[in-house]
Amino acid sequence: MADIQERKIKDAQMRAQINQKLVETGERERLKELLRTRLVECGWRDQLKQYCKEVVKQKGLEHITVDDLVSEITPKGRALVPDNVKKELLQRIRTFLAQQSN
Amino acid sequence: MSCNGCQHLDELKKQHGTEPYKIIYSHFIVCKSADARRRKANQCICYVCRLYTPRLHACMSCVYIGCYGRGHIHEHAYKKEHYLAIDVCYGVVHCFACQDYVYDKELEEIARASTPKLALGVGIKMTFLEWEPNDQEIDLLRRNAKRRRVEERSTIGLRGLINLGNTCFMNCIVQALIHTPVLRDYFLADKHNCNIHMNLNNNNQCLVCELSQIFQEFYSGIQAPHIPYRLLHLVWTSARHLAGYEQQDAHEFLIAALDLLHQHCQATNGNVESGRPHHCNCIIDQIFTGGLQSDVTCKQCNNVSTTIDPIWDVSLDLGPASPATNGSHSSSLCSGYSNSPGNYDPTSLIDCLKRFTKPEHLGSSAKIKCSCCHSYQESTKQLTMKKLPIVACFHLKRFEHSTGYHKKIATYVSFPEELDMTPFMSSSRNNNNGYSLQVVQEAARSLSCENKYSLFAVVNHSGTIECGHYTCYVRQHKDQWFKCDDHLITKAMPQEVLNSEGYLLFYHKQILEYS
Ligand SMILES: [Zn+2]
Ligand SMILES: [Zn+2]
Ligand SMILES: [Zn+2]
Ligand SMILES: [Zn+2]
Ligand SMILES: [Zn+2]
Ligand SMILES: [Zn+2]
C-alpha cells in the first residue's frame, strides 16, 4: 500500500517537473499548436463543432451553459482523436524529453 | 452565453478598465519572453492542489489561481466575491455569479492582438486562423443563399476533354492540374485577380484566367465533355514550339504550361523571367517549386560547395546507366535535373530516387574548379531535396533521344500510393547529430507526416514513340480513382493505377505549413 502511495507521489512530481519544462521552454505552446493544427486537418474540429451545435439546439440556447457542453462533449472529443495524432504527439514529447536530458 | 459581457464584468471594467485583463493575459496566457515563461511555469498552479491541472483560472481581482475541475476557483470566487476569472489556457473570462463564460468584444480584441506575439516568442511560424468572411463576402453569401455541398460520392469535378487532334498530351495535363487539390482551392476561391490585359501587348489573353475558367467548367455540374479549344489556341499563340496538330510530349507540355502560368501570374510585377522556376510567390511556384541542393565535394581537399536550385519537377533516369549518359541534358525547357550514377536497372520509384540522390563520381573528364584548391579537381556530386514542394511531380524518362535513334523504355517501375521523401532530403544527408538523439528524432520523423506525400494523378503513355496516346488517372476525394481518356471518364481501381506503366507521377504533400 505504501508503495502505491509513494509511486503516486513520485508520478505527480514527475508530471509537475515535465510540465514545468514544457512551459518554460515554450514547447507546450508548440505542442498545443501542433495538436490544434492536426485536429483541424483531420476534421475533428468540424465534427465536434457540429456536435456542439446539435447539443445546443437540443437543449436550447437559453438554458445551456459551458459546463453542460463540456460534460456532453468531452467523452466524444476524446474518443474521436485519431490514433496517429496521439502517436505523433507522444513521440514529440519523447523527443523533447530526450533533448532535455542530454 | 452572452456575447455582450455581463453586469459583473461591466462593473469591473468601469472601475479598472481593461488593465487587469491585460496584465493577467500578458503574464499567464501569452508569455513573450523566456523570463515570463519561467515565471508562468513556477507560479501557474492551482493554489489548493499545488499542481498544474487542466482548466486553471486566474482571479481577475487578486490573481488567485485555482482549478475549475475540482472547483477550487469556484470556492475562491464565492468566498471572496471575486466573481470573474480568466481561463489561463485560452484567455476567456468566466463569471461565477452568472455561472458562465462571458464574451466581451474589447477583451477579445486584446487577446487577438497578442496571439501572434506568443507564436513568435516560441518559434511557431504561423498559427491556423479560422476563415472569417469580410463584409464583401458576407454580402455575397447573403445574396447567394444556395450552397452546394460536395458529398463523398459526388462526381462533381469530373469531366472529359474532347481531343482536338492529337491533343491528348494537353488533356492529360489539364486533368492532372484540375485535380491538384491546392490549385483547385485557389481557383475555386477566386483568388486570381487579373491585370494582364494591360501588360501583355498583342496577347491580351491570360492562361491563368483560362485555367480558372476551366475549373469553373469542371465544377459547374455539367457532365458533357468540355472542348478546350480556347486553351489550345492560347497555348499555340504563347508557346510556339507546341503549335501544330502533332503529338507532343506531355512532360514538355507540363513544363511549358507551368512556365506560362507563372509568367502570366507575374505579368503585373514587370520583371518576368521565363525558362525556369525561381523564387517567386505566384501560385504556381508556391505549389510546384521545390529546392534541389547540389553538393560538390572536391576529392583533393574535401571542400564542399553547395548550391540550391529551384525545380518544378524531378526527371528520373530509367534503365542501366552507361558512363556516356553522365551529365546528359534533357531536351525540355527548364527541367533536366537528372543524375545518372549507378549501373543497375531501377524497378521502383524509390530506386529511381535513390539513384537520383546517390553521390556521383565526376571523373577526370569532368573536373570542376575547386574554390579551395584554386584548380580543377575530380569531385563527387550529390543531389538532395532541400525544400519539398507541395506537389512533387516525377518524370520517368521513358523516352530516350540520342543521336540517330529515339526509343521508349517500357520497363516496369512500381510507385507507391504514399511516399515519404525524408530519406532524399538534404537534412538526411547532413545528419550528424549525437547518435541517441538522432535515433529518437528519426523515430519521430518516421511517425510524423511532415515529408509524406499521397499519389493523386498518374499520366500514362501507351503505344510507341511515334504513334502513341496519353491517358491520365486522377484521384477524387481520398481514394476514388478515375481514368481520363480524352472525353471518356471511367472508374478505376487503385490497383489498376499502381500497376500502370507511369510516365508522370503527381504526389501531393499530406501536410501543409501555414505560411
Ligand atoms: Zn480573487
Ligand atoms: Zn485545484
Ligand atoms: Zn456576471
Ligand atoms: Zn488572368
Ligand atoms: Zn512564379
Ligand atoms: Zn579542393
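Tutor: A donor is an N, O or S atom within 2.8 Å of the metal (3.2 Å for Na, K and Ca), and because water is not among the atoms, a site may look incomplete. This is a predicted model, in which local features need pLDDT of at least 70 and side-chain atom pairs count only at pLDDT 80 or more, while totals for chains, interfaces and linings use all residues; side-chain values use heavy atoms, with hydrogens and water left out. Residues are numbered from 1 along each chain as its sequence is written, and chains are lettered from A and ligands numbered from 1 in the order in which they are written.

Student: Which residues coordinate the zinc ion (ligand 3)?

Tutor: Chain B supplies the donors: SG of Cys6(B), ND1 of His8(B), SG of Cys95(B) and SG of Cys98(B), at 2.0 to 2.3 Å. Along the chain, these donors follow the spacing C-x1-H-x86-C-x2-C.

Student: What parts of the chain does the pair Cys6(B) and Cys95(B) tie together?

Tutor: Helices (H or I, at least four residues) and strands (E, at least two) are DSSP runs, numbered from the N terminus. Cys6(B) belongs to the segment before α1 (7-16) of chain B, and Cys95(B) to strand β4 (residues 93-95) of chain B, so the pair ties together parts that are 89 residues apart in sequence.

Student: Why is the arrangement around the zinc ion (ligand 3) tetrahedral?

Tutor: Four donors count as tetrahedral if all angles lie between 85 and 135 degrees. The angles subtended by the four donor atoms here are 104 to 114°, which makes the arrangement tetrahedral.

Student: Are Cys6(B) and Cys95(B) buried or exposed?

Tutor: Buried means under 20% relative accessible area and exposed over 50%, with partly exposed in between (1.4 Å probe, protein chains only). Both Cys6(B) and Cys95(B) are buried.

Student: Strand β4(B) also belongs to a sheet; what is the strand order there?

Tutor: Strands of a sheet pair through backbone hydrogen bonds, either parallel or antiparallel. Two strands pair if DSSP finds at least two bridges between them. In chain B, an open sheet of five strands has the order β2-β1-β3-β4-β5, with antiparallel pairing. At its edges stand β2 (65-67) and β5 (100-102) of chain B, each with a single partner strand, so one side of each is left without a neighbour in the sheet. On average, neighbouring strands of this sheet are turned by 40° against each other, direction ignored. Within the sheet, strand β3 (residues 84-87) of chain B is joined to β4(B) by three bridges, and Ile86(B) stands opposite Val93(B).

Student: Which helix lies across β1, β2, β3 and β4 of chain B?

Tutor: Contact means heavy atoms within 4.5 Å; axes are lines fitted to C-alpha atoms, for helices over the stretch in contact, and angles run from 0 to 180 degrees between N-to-C directions. Helix α2 (residues 19-29) of chain B lies across these strands, running at about 30° to β3(B). Helix α4 (residues 72-80) of chain B lies across β1, β2 and β3 of chain B, at about 125° to β2(B).

Student: How many residues of strand β17 (residues 452-463) of chain B are buried?

Tutor: Ten of its twelve residues are buried, and the strand is mostly covered. Its antiparallel partners include strand β21 (residues 504-509) of chain B, over six bridges, where Ala457(B) has Phe506(B) as its bridge partner. Seven bridges link β17(B) to strand β18 (residues 468-476) of chain B, again antiparallel, and Val458(B) stands opposite Tyr473(B). A hairpin of four residues connects β17(B) to β18(B). Strand β16 (residues 418-420) of chain B is joined to β17(B) by three antiparallel bridges, with Asp420(B) opposite Lys452(B).

Student: How many salt bridges does the structure hold over all chains?

Tutor: Side chains of opposite charge can pair when their charged atoms come close. A salt bridge is a side-chain nitrogen of Lys or Arg within 4 Å of a carboxyl oxygen of Asp or Glu. The structure holds 21 of them over all chains. In one, the closest N and O atoms of Lys40(B) and Glu29(A) are 3.8 Å apart. Lys40(B) lies in helix α3 (residues 34-43) of chain B and Glu29(A) in helix α2 (residues 27-41) of chain A, so the pair joins two chains. Both Lys40(B) and Glu29(A) are buried.

Student: Where do Arg36(A) and Glu33(A) lie?

Tutor: Both lie in helix α2 of chain A, three residues apart, about one turn of the helix. Arg36(A) is partly exposed, at a relative accessible area of 36%, whereas Glu33(A) counts as buried at 11%. Helix α3 of chain B holds Arg38(B) and Asp35(B), also three residues apart, in a salt bridge with the closest N and O atoms 3.3 Å apart.

Key. Four donors count as tetrahedral if all angles lie between 85 and 135 degrees; four count as square planar and six as octahedral if opposite donors are over 155 degrees apart and all others between 65 and 115; anything else is irregular.
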